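Trainee: I would like to go through this entry and ask what stands behind the words used for it.

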Amino acid sequence: MKHFYILIVSLFSVCLLQAQDYKFGKVSKEEVLEKEHPKYKEANAAVLFRKHLVYYDIRKNTGLTLVTVVHERIKIYNKEGLDWANKTITGYQNGSESEEVSAIKGYTYNIVDGKLVEEKLKRNGVFKEETNKYKLKTKFTMPAVSEGSVIEYTYTIRSPFVTSIDDVPLQFEIPVNRLEAEIKIPEFFGFRMHYNPKSPIVFPIDKTKESFTYNYSQKTRTTGRTVQTDYKQRSLDYLLDFYKFQKDDIPPLKKEVYVDYLQNYAAYLRWELQYTKFPNSPIESFASTWEDVAKSIYNDAGLKQEVNRTGFFDEDLDELLAGYKDNAEKLAKIFMYVKSKIAWNDFVGFQAESGTRTAYKDEKGNTGDINLLLVSMLRYAGFNANPVLVSTKSHGIPIFPTRNGFNYVIAAVENEDNILLLDATDKNAAIGELPARAMNWQGRIIREDGTSGWVSLMPNAKSQNTTMLNMQFDDNMVLKGKSVRDLSGLHAKEFRDRYVGLAEKDYLKILEEDKGNIVVSGLDISKEEAIGENIRQTYNFELRDEMEEINGKIYLKPMVFAGLHENPFKGEDRNYPIFFDFPTSNDKIINILIPDGYKVESLPESAIVNLKEGAGVFKFVATLNGKFLRVESSLDMNDMVYIAQDYKALKNFYAEMVNKHSEAIVLSKS
Amino acid sequence: MRKILLFLFVVIQIVPSLIFGQDYAISSIEPNLLSNANSVVRNQSIEISVLSKDKMRVKTKRVVTVFNEYGEQHIGAYDFYDDHSKIKSQEAIVYNSKGKEIEKIKKRDFQDRSLIGSNTLYSDNRLSYLSYTIKDYPITIAYESEIETNSTIFIQSWNPLENYNLSVEKSSYKLINPNAIPFRFEERNLEGLELKKQNTGAGLNYEVRNISAVKSEVFSPNLSTYAPRVLVALNEFALVGVEGKASNWKELGKWQYEYLLKEKMELPRETILKLNELTSNAVSNREKAEIIYNYVQENTRYISVQLGIGGWEPMLAKEVDELGYGDCKALTNYTKALLESQGIPSYYTVVYGGDKNNIDPEFASMQGNHVILNLPLAEEDIWLECTSQTNPFNYLGDFTDDRKVLKITEDGGEIISTPNYATAANLRESFVEIQLDESGGFLAEITRKNHGIPYGDIYSIESLKNDHQKIYYRENWGHLRELQFDKIAFENDRDSIVFTEKLKIKGAKLAMQAGNRLLVPVNFLKAKTFNLPRNESRKHPLVIERGKTYKDHFQFTLPAGFKVESIPEPITIENEYGKLIMETSIVEEDETKLDVKRILILEEGNWKSSAYNSYREFMNQIKSYTNQKAVLVSN
């Protein structure tokens, strides 16, 4: 037994000998000499060590302060890694209080003439910047940094905003060799810890309780004829929730070209405040279920008042609706009225920022102002209308029930058999259509009695995009024809978002772009401004350089400019999901009239390609009927989200489509 | 009496609106100002009062009618400020399309933010701007402000037509100079305008009316080269309190040298000793300079820090030496100091980085946005970009090439030019061996060398992650399907400034199968062309800023059992815009190889507007000819 004990001790000491010393200032020569990351050779830099401490500081005069201490040691391998020597710490402020960054201390380590040399970060390398009313930035840049340098710094953030603990990052775009985090939360705060469900990395975390005693002296004064001051030694005993985390070798967050919000996929710890329980005060509970969240938003954030506020628009609305009996007509009238009357100021939020009454008067407001006003007008007109809380795409998907999980509101009209979603902040959205920003995850509808439920924000119908080309060619190999394109639903909305308001000659330039040697004429676009209706675009074209005559044979790719000639998926593989904007059905029909004197020698073969159990279908059919050659290509994409594992299938699916669209028909002169 | 009173009343009512007001209804805009315009400057007046050498007040009034969201950028209801210039007043009034006032915005309701971009560490520049939600177009916004500054070295020029798709109903400019401080001014492109002017030694007065909007055209000269302007500068001035005197480039350069640059080059002794050692074996100044440039690249990095005399003064060389970073001024001054320590003279040179834009040789004033280093050696002028950690020695690239710059010496300023990369020097040369298979797929081994401007366009690919390199090639060679990479390697020869790409790739369906034939596109890599929109009424000259030369050699090996049935005819097109030569031939007796040689030269040049269509035709010809195919047939 004794031997065994010694063995353990000696093993342990061997480990110690080999382990790095992570104490501040104990940077080793080996760390500076290292040329590349032993495991991730492509890394431009690495976090050799990071320690993140969070605790509460209790002082009698100032009360509680939330303190975060960060210590980072970073290795820079090459010039691309130099950016890691610049650090920005963002602090928040409101009118009266602000987060303070202090105790910044930093050194850069280099090898000069074979010796380890340190360079201190001086005050002139630290800058404070008031970015705007809410943000204060502290920036510093490390001195004497070059390829190979190791930098090490520590800083402290003292925050008066004690009920919100910032995310504790566990992953970066560079590898982390060792990460330690300690979070100590006194029992006055009931926080729940969450991992990022979008990150595949979940590490075990150690949670214990510790007791703590806070000693302080209390001064009491009695006022009377003689003032008496009395000092008393007091103490407060309380428990701490102590979260402790240690992890070696955390892989870098992989950067991919087509991912917008990479940080959404990083591993982190997030802190949800569930209640506060201060001494001698009752427990104050914060939302813990989505039902509670919805209720608290409805009652406390003013939504209830706003959606029931009437009086200021009654006469206008009565006048607007006079003579209309049909509900669908009334709904359309009110929706149009709100869209045209009130301009969106580009601010999102579920609360009415200026209040519906003021917004109505000023004719501008945020999403809350506009859509809550829409709800109250619809209610006034007798509709079963309710607000729906939404989280926008850039806001992400909340990982626990919290009021911060929502940042947007739309309106819904419920009938017996369906529910219509409306967003009056988007001029081009029809009834039932949402702007891309709001088509995220699911929405929470809050009904008049305060109850709530989930509604899907995804479009329930596929949007159509159909192109038909009717063309023929002459002996000079010039293709002449007519293009008819029909757009419905979100395809029509997308067209309006992009092109309405452009001068015709500017649009023509866009239309001719990437179509080869083309001349477009006779352009006509109908229903362009009739929001919600289908758009039809027609034009005539003359197209050159598409037909090739080689050795008496004529080759033509019949899809011409309507085909997909390049695979949009360029990446080798993928770590993150792929999002499409909306379900779509894309049809292309090409009719070619073969002139007398020509003969079709061969046609591309027809094909059907399926993607993932019907999530996508591509059909390609080429037929010849006398002089009439017809090529039909249809692409149906039914799902909007594909997981990373579907990437290869998706890429191959599109590759097949590109192949079919690039096949030629072969003609000869008869 | 009653009549008179009534008359007076009417006069009082009307007169102010005639003098101070204007009819801002949309209906009162001349129709010729509407075409191509996203917005119209209804009335702009700039009044600059030079109160003394170090005090200046600028009153701006600017009324803009905006027709659509693209026109919003021209509202211009903002001003910059910093520790040395204050916004004394700021106000905006919004009018609807009928010209009726609908809202007034006071200074306190303007938004404030710092002007620090993500790449800037520190700068004290801030912006105070109007944030206003526009409900209906058209709308008219009138903005008024007053600024006071102690830097009279920058006098705002008069630049009434400041952007494309913007027309001008009226714009006026006034310089008030009660103390008759000597000043210079220069008029540009004022011919043919509805112009009034009245200039005296104590000031300037300009007014212009009715300038129609200009539409931007691809490959056309920059608007600033043909838009009307009046440039103004004081001969006795101050920059944040530092006074100066200058009336030409020589004097302004001298002043910059004396007040901004001099005595900033001291270096720690150890650094000099280290350099002595590093350069001890170097035989020529050029060799020493290369060692020093390399030293700077290895030991410093670029960080934008706008501090010191309005952001115009470099950090001390010894500070850069200690901290290892600096902005363009600091790093250039540091490199200059290091060179000087080895007895090599060099010159701090001010330039406009980015699009080709000259420091105005005719008019001396504070210009430029970047600094580089000029190093005249006996054999040639060397140019150094000191903010780059990766550029080769004496490589400027398209950021600062071929333009007029201000070289600052202790004797004064001098306007000189940076080198031009000639068409023949901008060479991209490839040799590709392609093995075809019977189904149309291929294996290819590519060697491509990039010289001149193409070098600068490509060399940073080396530092991309492998995945991103693949994506780069897939995007650039979109016509090669199902592209896979067996090898991606690079050789960056920084001495002769050649970047070589070496790839082994494979892909599918390059050649089209038609029965027992294969149609092979002989241009394995596409020829570079520009996408030019149709334009039957081109207004502006055609400018191609840099010429390029592309030489490609594709050698195809036929799949076993195939022979050549036909090859494309040779092609030669040659004109003032460039040249295309293509030749396909069958090599070796057994006819298993096809040789394709292509030379494409796109010249630099400046042609009149009517050339646009023939240039476009040239591009279409290149595209069309480079679609050619050879036909292979199986035995």
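Mentor: Start with burial: a residue is buried if 20 or more other C-beta atoms lie within 10 Å of its own, exposed if 12 or fewer, and partly exposed in between, with C-beta atoms placed from the backbone. By that count, 35% of the 635 residues of chain B are buried. This is a predicted model, in which local features need pLDDT of at least 70 and side-chain atom pairs count only at pLDDT 80 or more, while totals for chains, interfaces and linings use all residues. Residues are numbered from 1 along each chain as its sequence is written, and chains are lettered from A and ligands numbered from 1 in the order in which they are written.

Trainee: Where is confidence lowest in chain B, and where is it highest?

Mentor: pLDDT is the predictor's confidence in each residue, from 0 to 100. Helix H1 (residues 2–19) of chain B has the lowest mean, 39, and strand E26 (residues 442–451) of chain B the highest, 98. Helices (H or I, at least four residues) and strands (E, at least two) are DSSP runs, numbered from the N terminus. Over residues 1–20 of chain B pLDDT stays under 50, and the model has 1 contact beyond four places in sequence for them. The average for chain B is 91, with 94% of the residues at 70 or above.

Trainee: Why are H4(B) and H6(B) called oblique to each other?

Mentor: Angles under 35 degrees count as roughly parallel, over 145 as roughly antiparallel, 65 to 115 as roughly perpendicular and the rest as oblique. Helix H4 (residues 285–299) of chain B packs against helix H6 (residues 328–341) of chain B at about 140°, with the axes 10 Å apart. H4(B) and H6(B) are therefore oblique.

Trainee: Which residues of H4(B) and H6(B) make the contact?

Mentor: Two residues are in contact if their C-beta atoms, placed from the backbone, lie within 7 Å. H4(B) contributes Ala289(B), Ile292(B), Tyr293(B), Tyr295(B) and Val296(B), and H6(B) contributes Leu331(B), Tyr334(B), Thr335(B), Leu338(B) and Leu339(B). By class these are 9 nonpolar, 1 polar and no charged. Nonpolar means Ala, Val, Leu, Ile, Met, Phe, Trp, Tyr, Cys and Pro, charged means Asp, Glu, Lys and Arg, and the others, Gly among them, are polar.

Trainee: How many residues does the contact take from chain B and from chain A?

Mentor: There are 46 from chain B and 44 from chain A. Helix H8 (residues 466–476) of chain B supplies the largest share of the chain B side, 7 residues. That side has 13 nonpolar, 16 polar and 17 charged residues. The predictor gives the complex an ipTM of 0.85 and a pTM of 0.86.

Methods. Axes are lines fitted to C-alpha atoms, for helices over the stretch in contact, and angles run from 0 to 180 degrees between N-to-C directions.
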